[in-house]
Amino acid sequence: MKISVFSQKIYNFLLAAYRWYLLTAERSLDQAYKAALQIKAIEDEHFNGNKIDFESSKYTSSMMDYFESDLKKQLKIARMRLTEFKASRFFLSESNQKAAMKAGIEYTNPATILEKLRFIDQVIAKYTIFDYETTSEDLVTETKPEIIPLDSAIAPDIAPAPLSAKLSSKAWDKKPRGKANSTGILPRSILSTVTRLQVELDPKSEEDVVKNFRQAQRRTIISVRFFLLLIIVPILTHQLSKTLVVGPIVDNFRSSEQTGIFINYEMEEEALQALEKFEERTKFDILIGRLTPLSPLEMENHVKEKAREIAEEFRAESSSAIKNVFADLCSVVAVIWLLLVSKPSIAVIKDFFDNIVYGLSDSAKAFIIILFTDIFVGFHSPHGWEVLLEGVSRHWGLPGNHDFIFLFIATFPVILDTIFKYWIFRYLNRISPSAVATYRNMNE
């Protein structure tokens, strides 16, 4: 009787799960439709049925930030649910539809589905430009770092134009400048002066500068937010997976007393050394009078108690190392997922880095290059690599293979050094030869 009741419960659970699976497409479409209705309600209530205008002076900046965050949220829900709707429709076969009819599930009329999809597309299509401006390559400035001729390496004080100059020149420098247009009859400084005067006299220049500044501000916010996510997401995933998922499973399998205490020989040697030091320290304290003399039996019991404590410590350390392996895998999966869903933000970050790097002076560029090369491929770098590799092996509970560590140190920094030199010769020498000249002078 008990078995039949239990089987009935399992059957009801599986039937409910199957019904939920069959209704996934309809449920996703309804959620996307509700998100589109939320956006439409904001348009009708606050913008007279028109598109949400973030340049409007009708509302304060705090209210516009509220509208912007709400719009992003609803757009994200609508797009995710549309993707879920398409995927569920792809996997929905005729056999599933027949099973749904037998289970008493009635699907929505196709005409209603098409009407909902048409309404969702009409609402989302208005904000493809908005989403593109704030999170995609539209925030990437079109200006490229100017390639300085090689004969200008004798003037290391020449630095690329700052970010503000790039932003202010974006609005009127629409056409790409070819190689034939890089030189002219008049000197370049006179032409740049005339161009600057034209910009200052243009009545729309202030509006262009404000627009470019807002784009730069959004680009900075996106970059900083993405970097924080790259730090927070793997750490949070590691801790949560280790505490809630991996930890209980590993503790369940290693709860038995017969489970090995040590997962590598180095841990066992450390435990033996710790026990020997404890025994020698106890004898030393007895000899100098810190402790009262102990009989051989008391001494043995005292050492046994310490051995149990050491064993528990290393058992916990072994379990923690096993947990770290699986938790790190979860963190890697989380980072890969974050990179896949943040491709537009990565393009923005690339331009953000370009603006920072090319906005530095030549001496600052040379200083950063020398700092990184000395840390990773310099004379003292092998000690740092050795400490790093030993820490990683201990984190995962692996024995420190010194042959592998020495082989890694003998090859990997050399490869990095070759990549650095090739990058300097191939790219930096074309983009900023004066920085290369400064780098060589500082190295000498």
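This is a predicted model: local features need pLDDT of at least 70, side-chain atom pairs count only at pLDDT 80 or more; totals for chains, interfaces and linings use all residues.
Figure 1. When its neighbours within four places in sequence are left aside, S241 is in contact with V246, G247, A327 and C330.

**Figure 2. Close-up of the salt bridge between K40 and D44 in helix α2.** Side chains of opposite charge can pair when their charged atoms come close. Here the side chains of K40 and D44 meet in a salt bridge, with a distance of 3.9 Å from N to O. Both residues lie in helix α2, which spans residues 24–46. K40 and D44 are four residues apart, about one turn of the helix. K40 is partly exposed, with a relative accessible area of 24%, and D44 is also partly exposed, with a value of 45%.

**Figure 3. Close-up of the network around K40 and D44.**

**Figure 4. Close-up of the salt bridge between R81 and E84 in helix α3.** The closest N and O atoms of R81 and E84 are 3.2 Å apart. Because a salt bridge requires a side-chain nitrogen of Lys or Arg within 4 Å of a carboxyl oxygen of Asp or Glu, R81 and E84 form a salt bridge at this distance. The two residues are three residues apart in helix α3, which runs over residues 61–91, and this places about one helical turn between them. R81 counts as partly exposed at 24% relative accessibility, and E84 is partly exposed with a relative accessible area of 26%.

**Figure 5. Close-up of the salt bridge between K283 and E279 in helix α10.** A salt bridge joins the side chains of K283 and E279, at 3.9 Å from N to O. Helix α10, residues 265–287, contains both partners. K283 and E279 stand four residues apart, about one turn of the helix. At 45% relative accessibility K283 counts as partly exposed, as does E279 at 29%. The bridges drawn in these views belong to a count of 16 salt bridges.

How values were computed: Residues are numbered from 1 along each chain as its sequence is written. Side-chain values use heavy atoms; hydrogens and water are left out. Buried means under 20% relative accessible area, exposed over 50%, partly exposed in between (1.4 Å probe, protein chains only). Contact means heavy atoms within 4.5 Å.
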